[in-house]
Amino acid sequence: MLASNQINQEALTKQRQAELDYRKYQDSVENKREDRKLDIAESKILSDVKETNKSIENLLAVQQQLKRFENTFANMPKKLESNTLGRLRNATGFQTKEEANFNSQRQLLFNKIARDLGGEKGVLSDQDIKRIEGALPSYTDSMAQKQAKMQAIYDLLADRMNIEGSKISSVTTDEGWAF
């Protein structure tokens with residue numbers, strides 16, 4: 001009976017050890033799952049931060065292009081000349097260097113404003129183009145009108161910069177990350 005009791009005791013000890021080993025195994029598997037979840041979450045956060053940084057870089061490029069465009073205003077003819085001789089030069093292709101630079105800068109801004117400020121994707125519709133064209137200073141606008149339109153674009157740019165900046169701060173504060 002003593003031998004039988006000892007055999008039962010050994011079997012019970014082996015069973016308990018097997019249960020402990022199984023629990024350790026389950027814990028290690030669970031820890032690996034948690035580690036994988038953390039890795040995935042960290043990758044998503046880093047991806048979001050990189051995307052936001054890219055958006056901010058694009059917005060800074062828009063800001064530089066806006067400043068270059070605004071610098072062309074000083075060399076433009078006055079409103080009366082723009083409405084008469086300027087339109088004629090534009091239609092016939094005999095623009096002055098300053099007029100050509102203004103029109104070129106304006107055309108370059110279309111895509112930047114639509115994509116980076118307006119968030120447009122894919123092909124721009126005629127309505128998108130008309131909306132952007134109306135927002136940009138035109139050849140025949142007075143200096144005051146050009147400056148007012150530029151201020152509206154700068155306001156939109158500032159709003160987008162604030163949104164992108166808040167995305168970064170929410171990711172870094174909500175998730176406890178510091179970059």
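Predicted model: local features only at pLDDT ≥ 70, side-chain atom pairs only at ≥ 80, totals over all residues.
Figure 1. Together, Phe69, Phe73 and Phe102 make up one aromatic cluster.

Figure 2. Four aromatic pairs are found in the structure. For the rings of Phe69 and Phe102, the centres are 5.0 Å apart and the planes meet at 35°, so this pair is tilted. Phe69 belongs to helix H1 and Phe102 to helix H3 (residues 97–117), so the pair ties together parts that are 33 residues apart in sequence.

**Figure 3. The pair of Phe73 and Phe102.** Phe102 also forms an aromatic pair with Phe73, and this pair is tilted, with 6.0 Å from centre to centre and 50° between the planes. Distant parts of the chain are linked here: Phe73 comes from the loop between H1 and helix H2 (79–92), Phe102 comes from helix H3, and the two are 29 residues apart. Is Phe73 buried or exposed? With a relative accessible area of 4%, Phe73 is buried, the cut-off for that class being under 20%.

**Figure 4. Lys146 over two rings.** Now look for the lysine beside the cluster. The charged end of Lys146 sits over the ring of Phe73, at 5.7 Å from the ring centre. Lys146 also lies over the face of Phe102, where the distance to the ring centre is 5.2 Å. Both of these rings belong to the aromatic cluster of Phe69, Phe73 and Phe102.

**Figure 5. Ser138 and its contacts.** Ser138 is placed in the loop between H4 and H5. Its relative accessibility is 18%, so Ser138 counts as buried. Which residues does Ser138 touch, leaving aside those up to four places away in sequence? They are Phe102, Arg106 and Lys146, and Lys146 is the residue whose charged end sits over the ring of Phe73. The backbone nitrogen of Ser138 also lies 2.8 Å from a polar atom of the Asp141 side chain, which leads us to the next view.

Figure 6. Asp141 and Lys149. Asp141 is found in the loop between helix H4 (126–135) and helix H5 (143–174). Asp141 has a relative accessible area of 10% and is therefore buried. What does Asp141 form with Lys149? The answer is a salt bridge, in which the closest N and O atoms are 3.0 Å apart. The two side chains also make a polar contact, at 3.0 Å. Lys149 has a relative accessible area of 23% and so is partly exposed. Arg106 and Glu133. Two salt bridges turn up in a search of the whole structure. In one of them, the side chains of Arg106 and Glu133 meet, with 3.9 Å from N to O. Arg106 lies in helix H3 and Glu133 in helix H4, so the pair ties together parts that are 27 residues apart in sequence. Arg106 has a relative accessibility of 8% and therefore counts as buried, whereas Glu133, at 37%, counts as partly exposed. Arg106 is also among the residues that Ser138 touches.

**Figure 7. Asn58 and Arg115.** Asn58 is part of helix H1 (residues 2–71). With a relative accessibility of 26%, Asn58 counts as partly exposed. How far apart are Asn58 and Arg115 in space, C-alpha to C-alpha? The distance is 9.5 Å, while 57 residues separate the two in sequence.

**Figure 8. The whole chain.** To finish, step back from the close-ups. The protein chain has five helices and zero strands, giving the pattern α-α-α-α-α along the sequence. Of its 179 residues, 25% count as buried. Among contacts in the chain with a separation of 6 or more, 70% come from residues 24 or more positions apart. The chain exposes about 12600 Å², and carbon and sulfur atoms supply 53% of that area.

Note on methods:
Residues numbered from 1 in each chain as written. Heavy atoms only, no water. Helix = DSSP H or I, 4+ residues; strand = E, 2+ residues; numbered from the N terminus. Buried < 20%, exposed > 50% of the residue type's maximum accessible area, 1.4 Å probe, protein only. Contact = heavy atoms within 4.5 Å. Areas by Shrake-Rupley, 256 points an atom, 1.4 Å probe, with all protein chains shown as cover. Polar contact = N/O pair within 3.5 Å; in protein donor to acceptor, adjacent residues only side chain to side chain. Phe/Tyr/Trp six-rings, centres within 6.5 Å; stacked < 30°, edge-to-face > 60°. Lys NZ or Arg CZ within 6 Å of the ring centre and 35° of its normal. Salt bridge = Lys/Arg side-chain N within 4 Å of Asp/Glu carboxyl O.
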